[in-house]
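Try each task on your own before you read its solution.

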Amino acid sequence: MERKEILVADKITKIYGIGTKNLFEALHEVSLTMYEGEFVCIMGPSGAGKSTFINNLSTIDIPTKGKVFINGTEVRVMSEGQIGKFRYENLGFIFQEFNLLDSLTIFENIAVPLTLANVNKEEITQRVHDVAKKLGVEQTLDKFPNECSGGQRQRVAICRALVTNPKIIIADEPTGNLDSKNSHEILSLFKELNEKEGVSILMVTHDAKIASYSTKLLYIKDGIIDCTIEREGLSQKEYFYKIVDINSSESQELFE
Amino acid sequence: MGTFKFSMKMLIRDYKKSLFYGLTLVFAVAVSFVFFNIINNNQLADQSIAVGGGTWQNVQTPFSSILSFLIICFCCFMIFFANNFFMTRKTTELAVMGMSGSGYINSTMYVLYQTFVLLALATPLGLLLGRLVIPCSNAYMYERLHISKDVNIIPQEAYIYSFLLVAIVLAMICVLTAGYLHRNDILVLLSQEKEMNFHGSSNKYKPLLYVAIYVFGIVMMFMNPHSPNAYIAPTLVGVIGVVGMIRYVLPDVIKHLKKGVFLTKRYRLISISNLSYSIQRSLLLFTLMTVSVTGMMAILAANQQNPREFVTSVIGYIVVVLLLVVSIVYKLIMEAVTRKTLFFNLWKIGYTRKELKKIVKQEVIMYYAILILIPLVYILFIAGRFIYYGDMTISFAVIFTSAYVIPVILSGFLTYFEYRNAVVKPIQGGK
């Protein structure tokens with residue numbers, strides 16, 4: 001069966017500081033094709049261009065050169081309104097810093113993408129309660145973000161990302177601020193969403209254990225994709241060791 | 001010496017953080033100087049006694065002097081308020097100093113060096129500004145009192161008391177600064193400039209109680225026989241109601257609106273949540289504004305036939321309104337800076353820049369509408385009573401109200417542009 005392309009990056013280059021003396025090329029002609037139902041993980045050393053790549057793929061940023069296609073439409077030809085609509089209808093963002101809105105309650109935070117999509121009040125209430133129950137944060141719905149723990153806040157951020165049933169989840173270091181127990185609970189949930197509900201996931205992480213939940217790994221170094229690993233028939237443990245090997249070979253270079 | 005150098009470097013680099021404080025100091029010194037001139041100017045003493053050879057000691061303290069004293073106290077209060085706000089904008093620097101091994105005394109001195117410098121600049125500037133204003137205020141008062149004297153003569157006491165006031169303020173600031181730094185550790189200092197801390201209200205009876213108090217203040221106006229002083233007690237009762245309404249009623253109303261009709265409104269859901277926070281943070285300024293505006297209305301109305309008191313009240317009213325409006329604008333703008341991340345997150349979720357501007361506009365309009373409406377209800381009732389009893393003309397009431405409403409509306413425009421520039425303009429990337 002032919003797999004459907006959901007996200008395509010065609011030779012994207014991102015240069016910062018254009019018009020100044022401090023030109024910096026964060027990405028150099030990077031290409032990626034992501035298919036529906038894939039769980040792609042991006043790894044690499046600090047400053048390699050991981051977040052720049054994910055931001056350019058998810059419409060948060062626009063590449064200096066090259067093209068990004070989402071569901072076959074090039075991002076550059078879309079208006080700001082269309083991109084905004086695309087984001088709240090198709091993408092679910094999860095960040096290391098949670099990025100919850102401090103002035104809204106947990107319930108309202110989760111409801112924002114539905115409010116943007118003009119969903120009616122009854123449906124908003126129902127969907128928010130459903131997703132909150134699924135993630136175990138139902139008891140925090142009337143609280144404000146600053147009244148919740150880090151683990152709860154990240155679960156709320158995931159609720160917000162999932163409430164619209166997005167086609168793609170974009171996660172930038174989603175477990176960066178969490179303890180190992182919470183981290184693995186959240187990754188198990190990602191895996192379940194990916195395997196059972198067919199949600200595509202694009203995730204950046206530093207942690208090889210976290211990366212081992214994915215089905216494909218891109219290793220970015222100095223703004224280019226250094227290598228790609230497909231999990232295919234490997235067990236999670238075997239896949240994990242492969243990821244560790246890549247990271248180790250990177251560290252080995254330090255001593256050569 | 002290192003602390004002093006770092007302190008001066010940060011004062012210059014981060015001059016925007018000190019701007020409001022510096023301006024408040026200049027303005028407060030200038031206003032105090034003008035009112036010390038009114039208190040100590042023998043020409044402005046009760047003329048029947050002054051002509052008969054009497055001195056201030058023979059005269060019962062005139063109301064204009066009491067009012068001047070109250071306005072000077074108000075200026076001091078505004079300095080302390082600005083100082084407190086100045087401190088909350090310096091917390092990251094102070095936390096970094098703490099983490100770098102700076103002790104309590106060094107940290108305190110770091111702030112005090114900046115305060116000394118600001119006061120050293122503000123005092124002569126304030127006196128100069130006051131010196132420029134006094135001939136105008138003297139000329140106006142002499143004309144109303146039919147006195148022909150040189151308007152440029154300023155009693156020496158005005159200078160002496162102004163310097164004395166600065167010294168007292170400085171001593172108080174030293175105590176407040178030391179106390180602030182003693183109370184807050186590094187972790188608290190680090191979180192001060194970044195966090196918007198929200199807490200839900202829990203008591204369901206308090207809202208009803210404060211609405212009742214607010215309404216009772218209005219009822220009291222009709223219970224007392226009409227006299228200028230009859231409105232002081234109702235106004236004070238009303239202020240208790242206002243504080244309670246802002247603290248307990250407004251969040252409750254907003255909470256219900258957000259659960260109901262506003263849940264599906266993409267702009268209102270955000271703007272009203274931010275509004276709730278902004279108003280809670282401005283509670284003190286809202287209260288002061290209500291007390292000052294309603295109180296001054298009664299004072300001005302009662303002194304229309306006493307030129308000295310009337311002119312003092314007019315100057316006082318303008319000063320109080322301006323100081324409060326400037327403080328509110330500055331506080332809102334500085335708060336806006338802390339909301340950059342919030343608006344950036346909204347943009348990431350899918351709001352466009354145009355929609356974000358609309359959210360800012362809605363919040364600012366609602367904020368200033370509430371600021372106008374809360375005292376306006378009392379102003380209308382007080383003015384209505386005065387007009388009814390023939391103690392005030394409609395034009396006077398209109399001018400008084402306009403002198404309050406117009407600066408507030410103008411500051412609304414300024415706030416909107418600054419707020420928008422602070423939170424929407426920095427959003428880069430995407431489209």
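**Exercise 1.** Work out the strand order of the open four-stranded sheet in chain A, and find its edges.

Solution. Start with the order: E2-E1-E4-E5, paired antiparallel. Strands here are DSSP runs of at least two residues, helices (H or I) of at least four, numbered from the N terminus, and two strands pair if DSSP finds at least two bridges between them. Next, look for strands that pair on one side only: these are E2 (24-35) and E5 (73-74) of chain A. E4 (residues 65-70) of chain A joins E5(A) through two antiparallel bridges, and A:Phe69 has A:Glu74 as its bridge partner in E5(A).

This is a predicted model, where local features need pLDDT of at least 70 and side-chain atom pairs pLDDT 80 or more, while totals for chains, interfaces and linings use all residues. Residues count from 1 along each chain as written, chains are lettered from A and ligands numbered from 1 in written order, and side-chain values use heavy atoms, without hydrogens or water.

**Exercise 2.** Find how H2 (residues 80-90) of chain A and H14 (residues 340-349) of chain B cross.

Solution. First, the axes (lines fitted to C-alpha atoms over the stretch in contact, with angles from 0 to 180 degrees between N-to-C directions) come within 7 Å and cross at roughly 85°. H2(A) and H14(B) are therefore roughly perpendicular (65 to 115 degrees; under 35 is roughly parallel, over 145 roughly antiparallel, the rest oblique). Then list the contacts (heavy atoms within 4.5 Å): A:Glu80, A:Gly84, A:Arg87 and A:Tyr88 meet B:Trp347, B:Lys348 and B:Ile349.
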